[in-house]
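This report describes parts of one protein model. The sequence and structure come first, and notes on selected features follow.

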Amino acid sequence: MSMKDRLHTGELYLPGDEEIMREQLQCLDQQMEFNRTRPTQMEKREALLKEMFAEIGEGCYIEPPLHSNFGGRHLHFGNHVYANFNLTCVDDTHIYVGDYTMFGPNVTIATAGHPILPELREKLYQYNMPVHIGRNCWIGAGVIILPGITIGDNTVVGAGSVVTKDLPDNVVAVGNPCRVLREIGEHDREYYFKDRRIDYSALE
């Protein structure tokens with residue numbers, strides 16, 4: 001099995017392999033082109049993202065700069081995904097994001113890990129585990145999501161959290177390490193922020 005074949009198996013491999021590096025550098029060139037676009041060049045941005053990503057749905061908006069190890073080659077975004085400034089995707093293997101999910105600024109999603117054993121790190125070995133983020137999630141500013149994590153549908157992850165374990169559907173989770181604070185429920189149908197009530201008559 002080649003080093004490139006091991007990118008998506010979870011096995012140890014050498015990321016500096018010539019075949020891997022050649023493909024990765026081509027992807028990073030394209031990412032740089034995306035990051036250099038002007039705010040008025042929306043059509044160009046959309047076209048580039050469709051070339052860069054493994055999959056990207058309709059109505060997605062990604063605010064440059066985007067930082068991705070493979071320039072989006074292993075990113076699978078659903079419809080209407082929004083990402084604020086400085087989304088960092090260590091996409092050495094696949095990252096899946098469901099429809100209507102939002103990312104605050106400076107979020108990091110990592111699929112790559114390095115062995116604890118010093119001798120293996122010295123030889124530059126690495127492994128990758130995919131990340132799955134559900135539908136209609138809100139990932140707050142500065143959140144870090146570690147390799148192999150799954151986050152359920154509708155879940156909110158508070159700003160600055162470090163997600164080290166899977167999170168279920170329909171919860172608010174915060175902290176380092178990130179823990180479930182509470183379930184999303186009837187209170188959230190009445191209030192959108194602290195004591196601010198939702199005025200449904202004013203909503204479209």
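## Aromatic residues

Phe 53, Phe 77 and Phe 103 make up one aromatic cluster; rings of Phe, Tyr and Trp (its six-membered ring) pair if their centres lie within 6.5 Å, and planes under 30 degrees apart count as stacked, over 60 as edge-to-face and the rest as tilted. Both Phe 77 and Phe 103 are buried (under 20% relative accessible area, with exposed over 50% and partly exposed in between; 1.4 Å probe, protein chains only).

The structure holds three aromatic pairs. In one of them, Tyr 61 and Tyr 82 have ring centres 6.0 Å apart and planes at 10 degrees, so this pair is stacked. Tyr 61 belongs to strand 2 and Tyr 82 to strand 5 (residues 82-83), so the pair ties together parts 21 residues apart in sequence. Helices (H or I, at least four residues) and strands (E, at least two) are DSSP runs, numbered from the N terminus.

## Source of the model

The model is predicted: local features need pLDDT of at least 70, side-chain atom pairs count only at pLDDT 80 or more, and totals for chains, interfaces and linings use all residues. Residues are numbered from 1 along each chain as its sequence is written, and side-chain values use heavy atoms, leaving out hydrogens and water.

Five strands form an open sheet in the order 3-6-9-14-17, with parallel pairing; two strands pair if DSSP finds at least two bridges between them. Strand 3 (66-68) and strand 17 (162-163) stand at the edges, each with a single partner strand, so one side of each has no neighbour in the sheet.
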